[in-house]
Amino acid sequence: MRLKYIIPTLILGLVFTACSKDSDSNETTATKPDEINNFVWKAMNSWYYWQPNVTDLSDSKITSTAAYNNFINGKTPDALFYSLLYQRGTVDRFSWIENSNEVVYATKIAEVEKNGGFSYGIYPKDASSINMVALINYVVPGSPSALAGLKRGDVITKINGSQLTSSNYDQLENTQITITLAASVQFTSSSLVTTDKAGTVTVTKTEIDENPVAYYEKKIYGAKNIGYLVFNGFKSDYNDELNLAFAKMQSDGINELVLDLRYNGGGSVETAIALAQMINGSFTNKPYIYLDFNDKHNSEDGYENLSEKVKIFNLVDNQPTFQREESINSLALTKIYVLVSFQTASASELTIQCLKKYISVITIGEETVGKFVGSNTLYDSPAYDYTSYTNRSTKHKWQLQPITFSYYNKDKDANPANITPDYEINPYSIFLNLVEFGNVKDPCLKKAIELITGQTLRTTAKNTDLSLPFKIDNLTAFNPTNTAKGLYIEDFKRLKKQ
């Protein structure tokens, strides 16, 4: 498994020629619009999915040059951007703005470059939802967290010496953190109780582009050759790694697949389409996903079709850049089992919603995030309708990542609020049982194998009281760091028009 120690910019803008929407001929010399804010407003006016719903993004806003300039001037670019979002935090939970590749005012809801190499979930300790713990989902090999000795299943109780709470858990995203781990975890009838280990662990974040193909194992149960694949991000610069994993499964004779998307917040449309073909492969050229843009870009609405080839990208100048195509390695499966959680979002949800129109998809775990929208990066390149990275202004490093489209399966079925699993697993049941990947003590993996084999597995899993009165149906509210890694498009021109 490889690590790329670079500064990854995973979201690639859409590049095509369009007429400029900027016209500054009527500006007075007395009042000029702030250059960056002018880019922010006009790019949002053109592309933002909910533009018709935002009064301050109305075309009428620019009928009076003086009024427009007064409106956008005097604000920081991020303050202006967030003021333009439609019902921020409720309807639009996922748009953000960046400066120099660092998310501004949105570090809780986006994938940022620097991290310590561990993924975590936040859980309330009792019904008050004040005191929290963080359960480590996995640790990236070779990362600062791995070198510090953190392990999958560790429980964080304190951050920088203070009890983890609903008010300070976002400090886990700081550049350097000192954490206290639990020595023991117990459940009472009303709370989760921890005792602390002596000493602390310090993690300093660095630039990591982790391999999302995190783990693979073949499990044999009679005639069932079960592949267990942990896939943590739809990252197009690792399409070759994903295709290689399916080649390995082909050679292993895998005839059942458990796909673990519990920690996968989404990513590339390109990768999501390729994954569907790797799983089945029988529906080449059939429509897979339908994308719907705002009224100003209805000409871009259309389908992405399944292909027998997967595009391979490398990061060049911080952008996923096409290198070549490979034939897809397919398992020709007609049924798969997908593990999901309150951190499963975007392209992961797309995979479930769109793939199940072709094959049987059995979901196991917890309710997902409910992110059925996506984006493309907007740059200060007005002559290219704000979509060209190459032709962007180099006077500043601001760029936008607003929601620009919604997606649907091939039949354009209405999306649910979120995906409710076919077999629900209490999220607290994984405490005490989250050890190394592939261990069947994991309640979600255990359930999948039982469904595949029709047998009840006997394990040494520790019991957790599942009757706790503070069970949280939607833990997404406490876990924003994993809810918006983004659904994005590498190659806009490949979109199949309706």
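**Close-up views of a predicted model**

View 1. The model is predicted: local features need pLDDT of at least 70, side-chain atom pairs count only at pLDDT 80 or more, and totals for chains, interfaces and linings use all residues. Residues are numbered from 1 along each chain as its sequence is written, and side-chain values use heavy atoms, leaving out hydrogens and water.

**View 2. The open sheet.** Six strands in the order β12-β13-β14-β19-β20-β24 form an open sheet with mixed pairing. Its edge strands, β12 (213–221) and β24 (423–424), each pair on one side only. Strands are DSSP runs of E, at least two residues, and helices runs of H or I, at least four, numbered from the N terminus; two strands pair if DSSP finds at least two bridges between them.

**View 3. The β20–β24 pairing.** Strand β20 (residues 360–365) runs parallel to β24, and 2 bridges join them. I364 has Y423 of β24 as its bridge partner.

**View 4. Helix α6 on the strands.** Helix α6 (residues 269–279) lies across β13 (224–231), β14 (256–260) and β19 (335–340). Relative to β14, helix α6 runs at about 160°, the angle (0 to 180 degrees) being taken between N-to-C directions of axes fitted to C-alpha atoms, for helices over the stretch in contact (heavy atoms within 4.5 Å).
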